[in-house]
Amino acid sequence: MLLVLAGSETPEVRQALVKFMNKISLGNISKDVNFGWNLSSDPCTNKWEGITCDSRRQHVRNIVLDQKNLGGVLDAASVCEATSLVVLSLNENEIIGTLPQEISNCRRLTHLYLSRNKFSSNLPSSLSRLSNLKRFVISDNAFSGQIPDMSRISGLLTFLAERNQLTGQIPEFDFSNLVHFNVSYNNLTGVVPDVKGHFSSSSFLGNPGLCGVPLPSTCPPAPSPPPYPVAKKEKVSFFIYLGYAILGLIIILLLVWKLFKCIRKKRRKSTPKDQNKTISSAGESKAPGNRSEYSMTSPENSMLSASFEILSSSLANKLRFEDLLRAPAELIGKGKHGSVYKVNVNGVTLVVKRIRGWNISKGDFKKRMQRIHRMQHPHVLPLVAFYSSKQEKLTVYKYQQNGSLFKHLHSSHGGQVFEWASRLAIAASVAEALAYMHEGLQNDDIPHGNMTSTNILLNDDMEACLSEYGLMPDNQDQTVVAQSDHSIREDDLVAISTHNAFKMDVYSFGVILLELLTGKPVQASGYDLARWVNSVVREEWTGEVLDKCLITDGANEERMINLLQVALRCINPSPDARPHMKEVAFIIKSIKEDEEKSVSVFSSEV
Ligand SMILES: Nc1ncnc2c1ncn2[C@@H]1O[C@H](COP(=O)(O)OP(=O)(O)OP(=O)(O)O)[C@@H](O)[C@H]1O
């Protein structure tokens with residue numbers, strides 16, 4: 001009779017798995033009906049012991065055979081025929097022999113647990129090809145030889161190899177990423193590598209030939225290089241030349257110091273003259289942190305002031321355009337559309353964005369800024385004032401000392417995790433704000449135009465505010481569009497309509513969600529976040545894109561995946577297939593509510 005096993009592993013895979021089981025169990029266990037591993041059944045639909053499959057019960061994902069009294073050898077070539085295998089756990093058995101090179105055929109393997117067995121011989125060099133590996137545990141075996149180079153496995157979180165017979169030096173590891181690392185009680189030698197303060201001596205103890213921090217034994221000084229046989233005469237002339245060189249250096253330093261003093265004197269004298277520069281010729285500092293002075297010529301004074309409008313009533317009494325221009329300004333950034341200055345006026349710290357090259361009339365700019373200002377939302381940073389002349393436009397906002405989302409995601413905070421709940425709250429606030437603005441400004445054709453994590457600022461209560469709404473020149477800056485929407489081909493640019501510009505905001509918001517979920521910057525040295533996430537997800541390794549520090553911090557993976565699905569919809573290459581921000585905001589709000597409920601249930605249980 002022909003046995004038909006619908007939607008299951010192929011006969012070849014089943015055969016390979018049974019072969020693996022025969023070898024690892026020394027041929028005894030396949031006869032044991034309780035294990036159920038045989039050719040007339042299917043590992044997923046007939047639930048072979050120790051096997052779990054994917055949700056559609058088609059492919060083997062995990063093999064967990066801990067404490068099963070297995071005393072044979074590991075046939076890696078056979079078990080890796082199950083190409084979707086993610087977890088292989090064989091802890092606490094009596095398995096003998098080697099870990100074969102063919103283990104690298106298990107390309108998707110993320111967890112490999114082999115502790116407390118009788119494995120021996122060298123670890124295979126092919127381990128470095130298991131690029132998805134997160135946890136590797138081989139403690140309490142008799143592995144010998146050198147630890148292979150696993151530094152290319154960027155997602156490795158655990159490497160536990162204590163109580164083996166490993167020799168040689170500890171190779172390079174990405175210690176800033178590793179969460180668990182232990183090579184104690186082996187025969188390793190040499191200097192302990194820089195573990196960046198992440199691991200204590202207990203990870204290295206019991207290796208008599210190891211030395212250096214964090215172990216108590218200091219390493220002997222490196223042998224000094226053999227003395228260079230220099231003739232006495234040569235030595236003397238060397239010192240003479242050295243003397244000349246030092247003298248020359250002192251003279252040069254003296255000259256530079258004199259020159260510097262002269263320039264400073266001249267500058268002090270010429271300061272009153274420089275203050276007559278107009279705003280359009282005011283010097284821009286070349287690097288953030290330098291100071292530059294705004295100032296204006298008196299004949300134009302009244303004309304310039306007339307183009308200046310204050311919108312925030314709380315600052316209206318205090319702020320005069322002249323004060324703003326005269327105040328010392330610190331350049332804090334140069335973006336695609338101009339420069340940003342931090343200015344202190346009458347005790348209030350403001351940010352002035354100087355927009356260049358926007359071909360919009362004074363009147364249209366004024367109407368646009370007033371329209372945006374009327375929208376008011378708690379998560380949109382209000383405009384304090386604006387200025388418009390033919391050559392340039394200025395917008396003024398209150399300075400947000402907690403900085404941008406970009407800064408919080410991508411700068412180090414002393415090892416502190418930017419926690420999942422905060423990231424989700426930011427996603428929800430920004431989605432809500434953007435949905436509100438889109439709805440109110442749809443008829444005026446004013447999208448945000450430049451949604452980036454640098455334009456999401458955190459206020460004094462660490463709540464997200466959307467900044468610089470509507471500052472992108474309408475459809476003018478096509479290269480900006482092309483840069484931020486990677487789905488748009490250059491020859492399609494002419495076709496970009498305002499409708500698409502709103503959908504562009506949705507795309508850019510999706511990318512911000514990816515930044516929140518992965519903790520990775522949008523672009524760095526040739527790599528592109530949206531493209532990378534799409535490629536990993538296509539390979540069905542969805543969970544792999546999530547920020548590791550969130551996972552180790554106990555963030556809920558299911559809700560992260562839900563948010564990832566929203567992000568993927570937003571970055572759909574086809575603008576029309578992207579959802580409206582209103583729908584996006586609704587979904588994120590419900591994910592956030594789920595999160596809050598689970599936290600409150602958890603705290604009431606505690
Ligand atoms: N109101 C503000 N308070 C504090 N920091 C701000 C404020 N506005 C802008 N910044 C910060 O100033 C820097 C420069 O801002 P800018 O908007 O020019 O840069 P960008 O967002 O990288 O470029 P662009 O918006 O032109 O694409 C950014 O780091 C931004 O987060």
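**From a loop to the core**

Mentor: Happy to. Keep in mind that this is a predicted model. Let's begin with G71, which sits in the loop between β2 (60-64) and α2 (76-79).

Trainee: Is G71 buried or partly exposed?

Mentor: G71 counts as partly exposed, because it has 16 C-beta neighbours inside 10 Å and the cut-off for buried is 20 or more.

Trainee: And what is G71 in contact with, leaving aside neighbours within four places in sequence?

Mentor: With L26, E94 and I95. Also have a look at I24: its C-alpha atom is separated from that of G71 by 6.3 Å, although the two are 47 residues apart along the chain.

Trainee: Nice. Changing topic, where does UniProt place the "binding site" feature?

Mentor: At K353, according to the unreviewed UniProt entry. In the model, K353 is part of strand β18 (residues 348-356).

Trainee: Buried or exposed, that lysine K353?

Mentor: Buried: K353 has 21 C-beta neighbours inside 10 Å. Beyond the four places either side in sequence, its contacts are G338, V340, L394, T395 and E468.

Trainee: On to the nonpolar cores, then. Which residues touch the most other members of the largest one?

Mentor: A427, A431, L513, L563 and V584, out of 79 residues in that core. Helix α9 (residues 420-441) gives the most to this core, namely 13 residues.

Trainee: Can we zoom in on V584? What is V584 in contact with, neighbours within four places in sequence aside?

Mentor: V584 is in contact with A431, A435, V506, F509, V566, C570 and P579.

Trainee: I'd like to finish with a helix. How many residues does α14 have?

Mentor: Helix α14 (residues 557-570) has 14 residues. From first C-alpha to last it reaches 20 Å, close to the 20 Å expected at 1.5 Å a residue.

Trainee: Which residues of α14 are buried?

Mentor: M560, L563, L564, V566, A567 and C570. Seen down the axis of α14, these buried residues fall within an arc of 155°, so they line one face of the helix.

Trainee: What's the general point about helices there?

Mentor: An α-helix has 3.6 residues a turn, so residues three or four places apart point the same way.

Key. Residues are numbered from 1 along each chain as its sequence is written. This is a predicted model: local features need pLDDT of at least 70, side-chain atom pairs count only at pLDDT 80 or more; totals for chains, interfaces and linings use all residues. A nonpolar core is a set of buried Ala, Val, Leu, Ile, Met, Phe, Trp, Tyr and Cys residues joined through C-beta atoms within 7 Å. A residue is buried if 20 or more other C-beta atoms lie within 10 Å of its own, exposed if 12 or fewer, and partly exposed in between; C-beta atoms are placed from the backbone. Helices (H or I, at least four residues) and strands (E, at least two) are DSSP runs, numbered from the N terminus. Two residues are in contact if their C-beta atoms, placed from the backbone, lie within 7 Å. The expected span of a helix is 1.5 Å times one less than its number of residues. The arc is that of the directions from the helix axis to the C-beta atoms. UniProt positions are given in the numbering used here, feature names are shortened, and annotations may be inferred rather than shown by experiment.
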